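Subject: Structure handover and notes

Dear colleague,

I am passing on the structure we spoke about, and I would ask you to open it beside this message as you read. My notes follow below it.

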Amino acid sequence: MSYPDIIFNNLLIVALGGAFLTYLLGKVSQNVRNGFAIFISSVLVLMVAGLHGYGKELVYARFFDHPLILRINNLSWLFAITITVLSTMSIIFSLSYMKDKTRLGLYYMMMLLVSTSMLGIVMSGDLISFYVFWEIMSWSIFVLVSYNKGPALAAGLKYIIISLAGSLCMLVGILSIYGNFGTFDISQIAGFIASAPRGYIVFILIMFCIAFGIKNGLMPLHVWVPSAYTESPSPFTALLSGMLAKMGTFGFLMIFYIMLGSRIFLYLGQGRLSFHYILCLLAGITIVIPNFIAVFQDDAKKLLAWSSIGQCGYIILGIAFGTSLGLAGGIFHFFNHAIFKALLFLAVGAVEFRTGGVRDLNSLGGLANKMPVTFIATLVGACGLIGIPLTNGFVSKWLIYKTLILNGSPFLAFAALIGTWGSLLAIYKLLHNMFLGQLSEKHKNIKSAPFSMRLPMVILCAVTIIFGILPGLGLNIINSIGISLGFESLGVNLWGIASETGTLNTINIFAAIIVLVFIVYIIFRTGGKSVLVSQDNSYAAGAYVPADKYHYTVDFYNPFYTMVKPWLKDRIDQFYVWIGKISEKLAEFVRRMYTGDLGNYVIYIMLFLAVLICVQLIWRPW
Amino acid sequence: MVNPVLLIVIPLGLTFTIPLFGFISKKITKYIPILGMIFNLAAAITLIPRVLQAPIIISLGGFPAPFGINLMVDPLAVFLAVLIALVGLMISIYAVDYIKKGATQSYHMLYLLLLVGATGIVLTGDIFNLFVFFEILCISSYALVAYNQDKPGIEAGIKYLIQGTVGSGLILMGIALLYGYFGTLNMAHIAKHIHSITPLSAFLPLALLITGFGVEAAIIPLNAWLPDAHSSAPSSISAILSSIAIKMGVYSIMRIIFTLFGASSLLHFLLFIGLITLLVGELAAFRQNNIKRMLAYSSTGQIGLIIFAFGLASALGIKGALFQITSHALAKALLFLTVGYMIYRSGSMEIDSLAGMGKKLPVISLAFVIGVFSLIGFPPFVGFASKFLIVEATLVQHDLLLTILLGFVLLATVIECAYFLKVIQIIYFKESNKDPDQTRKNTSLAVLIPICILMVLVVGIGIYPEVLSKILNSAAGMLLDRGEYIRSVLP
């Protein structure tokens with residue numbers, strides 16, 4: 001057996017065993033457990049790396065006599081490597097972040113269990129395995145979101161109820177497929193489903209899309225995202241936003257292109273009224289609105305959470321749009337967003353850690369000098385988010401814009417553009433309010449982030465920039481994925497990508513920027529002398545301003561806010577809350593049926609008998 | 001081969017030896033139910049290979065059917081007998097340390113009688129014998145519900161007594177009508193000749209029997225006794241009632257509908273009754289603050305789900321229903337046993353008083369979580385396998401109405417998730433506002449052993465559900481095939 005075979009056969013066993021072993025080791029010693037957790041996640045990175053370019057199928061168990069299959073191909077590999085890398089980064093970050101918290105054994109075990117279930121999802125070859133791993137992932141997320149107690153409990157409950165509703169829709173879809181085609185094997189279904197009536201395919205698609213849309217944060221299924229992201233521990237939020245939401249993306253890719261195939265999926269309906277186009281419109285709404293809601297948030301993590309929902313809209317737009325450029329853009333944006341969003345959440349987590357839990361943007365400020373690495377990390381992450389050249393976000397956004405413009409969707413292109421404006425405003429608010437401006441008195445003695453927090457941030461920064469300068473590293477794999485899913489090949493090479501209207505050549509951009517920076521530097525050096533200004537020296541048109549009092553972060557976008565405020569009600573969330581309240585009222589009403597009076601109960605018995613006899617007399621069913 | 005009569009006779013004999021042993025030493029009486037159930041479990045398991053080939057018919061007293069009482073041990077009977085013995089064994093081990101105050105001797109006698117009644121119900125082939133064992137079951141449970149001798153317990157016991165007696169009266173009327181028509185009490189004989197009377201006159205005993213057994217089976221609107229009874233009884237009794245006793249009511253109804261009357265057209269009605277019971281049960285549980293009441297309402301909901309699955313009337317549907325009976329029996333027993341111990345430690349049945357149990361009782365809280373996850377249907381626990389089967393059975397029928405009803409069933413699952421997971425959050429993630437533990441008492445072994453065994457079963461059968469498939473397939477086939485039943489008993 002070759003190395004990849006051995007690795008593939010044992011990957012999930014190592015991951016699962018590692019999770020349980022971590023918990024058990026924690027009973028022995030905290031440090032041993034922490035070290036072991038990092039060791040296992042690194043081992044998983046190496047194992048997945050060893051599977052590069054490998055494709056295989058394996059029947060690993062039986063459930064009620066249906067074979068359960070594991071399958072790996074390029075798409076699974078890309079997701080798997082992202083999962084393991086992000087998981088390792090989060091666990092390293094947790095070393096210092098979670099140092100003073102309780103029940104760490106549960107935390108580390110759940111983090112590893114979440115990674116295991118994600119690996120299981122992306123490597124599933126049949127729908128039962130997919131569903132089982134999906135649900136294991138769901139309840140692991142529930143435990144981790146509820147971890148922080150307090151408001152986290154309500155967030156966790158909201159999450160699991162919505163997630164379960166989606167999963168049950170998916171179960172109905174899966175068993176309906178089984179009822180019609182007699183198999184759970186994804187590749188076999190792909191063969192059968194081409195002959196199914198179109199209405200049935202749309203029904204199945206809707207069932208699956210509800211589940212995947214909920215996970216991915218597609219509007220209007222996104223309501224669990226803001227509270228769950230905000231209240232969960234920050235390293236887990238990085239994983240949640242980076243990878244767990246993207247399990248929905250994987251689901252979309254699996255159902256649209258692996259199970260259905262682009263030939264069927266893209267032609268369900270007529271012209272603009274096709275399924276994939278409506279999905280694109282929903283994705284467009286998801287891009288525009290949440291990015292602007294992010295602008296108004298005062299809690300750093302909530303801002304990033306809404307921004308995440310918006311960015312996921314780009315991913316779904318790229319995937320659902322149906323061109324090879326779009327698909328490449330969508331998948332690459334998934335990878336990039338995983339990297340830079342995790343980076344941003346880790347940076348916010350570092351600030352939160354050092355300031356003693358402060359996430360409120362109105363009270364932070366001026367931390368750039370105190371926490372330089374965190375500042376650079378946030379800056380790079382922000383650039384990636386906006387899509388500034390030299391970062392990976394730029395390449396994927398370029399691909400998505402390109403395909404929207406080339407294929408004549410001005411609406412969606414405009415929506416994507418507005419979304420970028422919104423994300424720019426939001427992320428600048430984050431950057432400014434946390435790092436720029438004046439340093440508050442109470443934060444004067446903050447130390448820089450500890451090493452185990454800085455390391456993952458630096459690594460993720462490096463990845464962001466490297467993939468921005470040499471996007472071919474990612475695009476090669478993505479191109480092969482696109483080809484395997486039935487799209488035409490793109491002209492990809494190490495430093496760029498060719499398309500009909502011109503090539504994107506990042507090396508040229510990189511060279512141009514280096515030259516520009518050099519020129520600016522020369523001018524700067526040969527220009528006049530510079531004066532060193534202290535951080536709390538602020539300009540107030542000649543009036544005296546006490547250093548600590550003038551801090552331009554509160555009500556950062558006040559004019560914009562007052563303009564939009566009348567319309568700023570979260571109607572979708574209110575809708576779900578209303579459903580919850582109606583259910584409670586219904587429950588209360590039903591409960592009153594049990595009056596407590598014995599006579600009533602005996603009457604119920606007699607009434608039932610009477611109803612039975614009446615039913616027989618009137619309708620004669622028997 | 002063990003004579004199936006021994007499955008009833010030995011525990012019955014042991015029941016009456018309990019007072020005799022009580023004269024020697026009070027402590028021994030605790031272990032006699034355990035002995036009885038170990039015997040039952042072993043005997044039933046050894047019967048399985050024989051029964052899978054052909055049902056075993058035992059004629060009592062040498063009188064052949066249809067004149068005498070006969071035992072009809074088919075795969076369904078032996079499977080339920082194993083389940084009764086297993087859960088009964090677990091709960092009797094738990095009761096060794098849990099039942100300390102009061103008339104413990106009477107407790108153990110009545111408990112063993114309850115299990116004798118249950119085993120008799122599934123093994124018998126005679127309808128009046130069914131009624132006799134059913135009454136043994138019910139009367140034992142009436143007394144055991146009031147075991148705590150406090151006001152809620154006695155009130156619950158009396159309400160249960162009266163409603164149960166009304167139900168039993170209706171059953172007796174139904175049996176009397178059947179005897180009047182056919183002159184025999186043998187189920188196979190009645191089944192053979194059921195079509196010789198007009199449908200309307202046959203329907204009256206059917207309605208009476210369904211209503212009467214339905215009281216014990218806890219279908220809506222006959223289940224008003226259940227929340228009071230299961231919440232006021234001691235937790236080990238709540239466990240056995242929820243796991244076994246109400247399933248006996250369901251078994252009786254199904255035996256009557258499927259085998260005796262062959263009333264397959266009544267099954268649509270069953271679907272609706274099951275669905276309404278499910279929704280009402282889950283909705284009512286949603287608003288409870290008392291953990292045992294919540295579990296009791298959840299039991300009624302699950303019975304609704306089981307009846308819904310029976311109503312699907314396909315072999316796969318019945319297999320799903322039987323699997324759901326198993327998974328609910330195991331999970332509910334686990335939940336009531338763990339909750340009983342938690343209540344014992346915290347002193348109150350309010351859900352808020354369970355806060356902080358995750359730290360105080362780690363193994364027991366973990367067992368609670370596993371029970372809840374299994375009930376909701378999360379993989380990889382046994383509840384997922386049973387719900388999977390039920391959803392599969394519904395969808396393979398390609399019926400739009402069924403799919404819409406299935407939507408409601410899954411809605412009930414979401415409601416279930418909402419209230420149960422809130423309890424789990426309180427257990428693990430809320431701080432207890434009582435002072436940190438005074439004396440760290442160790443959880444006694446007698447409490448831990450059954451809980452651990454049930455946990456292992458829930459996870460084990462969940463990961464490998466195929467282990468039950470063979471016997472469940474035969475059981476489902478047997479229930480659907482009236483002709484086979486009749487032919488086995490009356491040659």
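Please keep in mind that this is a predicted model. Where chain B meets chain A, 70 residues of chain B are in contact with 56 residues of chain A. The size of an interface is often given as the accessible area lost when the parts come together. Between chain B and chain A that buried area is about 6,100 Å², and carbon and sulfur atoms give 80% of it. Of the area that chain B buries against chain A, 12% is supplied by Phe388(B), Gln425(B) and Phe429(B), which is more than any other three residues supply.

Within chain B, you might turn to helix 1 (residues 5-24) and helix 4 (residues 104-123), whose axes come within 9 Å and cross at roughly 170 degrees. Angles over 145 degrees count as roughly antiparallel, and helix 1 of chain B and helix 4 of chain B are therefore described in that way. Among the residues making this contact are Leu7(B), Pro11(B) and Gly22(B) of helix 1 of chain B, together with His108(B), Leu112(B) and Gly120(B) of helix 4 of chain B. By class, the contact has 12 nonpolar and 6 polar residues, with no charged residues.

In chain A, strand 1 (residues 56-63) and strand 2 pair in the antiparallel sense over 7 bridges, and Glu57(A) of chain A stands opposite Arg71(A) in strand 2. The hairpin that these two strands form has 2 residues between the strands, and Phe64(A) takes a positive phi near 50 degrees there. Strand 2 (residues 66-72) of chain A is mostly covered, with 6 of its 7 residues buried.

With best wishes

Key: Residues numbered from 1 in each chain as written. Chains lettered and ligands numbered in written order. Predicted model: local features only at pLDDT ≥ 70, side-chain atom pairs only at ≥ 80, totals over all residues. Heavy atoms only, no water. Axes fitted to C-alpha atoms, helices over the stretch in contact; angles between N-to-C directions. Helix = DSSP H or I, 4+ residues; strand = E, 2+ residues; numbered from the N terminus. Parallel < 35°, antiparallel > 145°, perpendicular 65-115°, else oblique. Contact = heavy atoms within 4.5 Å. Nonpolar A, V, L, I, M, F, W, Y, C, P; charged D, E, K, R; others polar. Buried < 20%, exposed > 50% of the residue type's maximum accessible area, 1.4 Å probe, protein only. Pairing = 2+ DSSP bridges. Buried area = accessible area lost by both parts, 1.4 Å probe.
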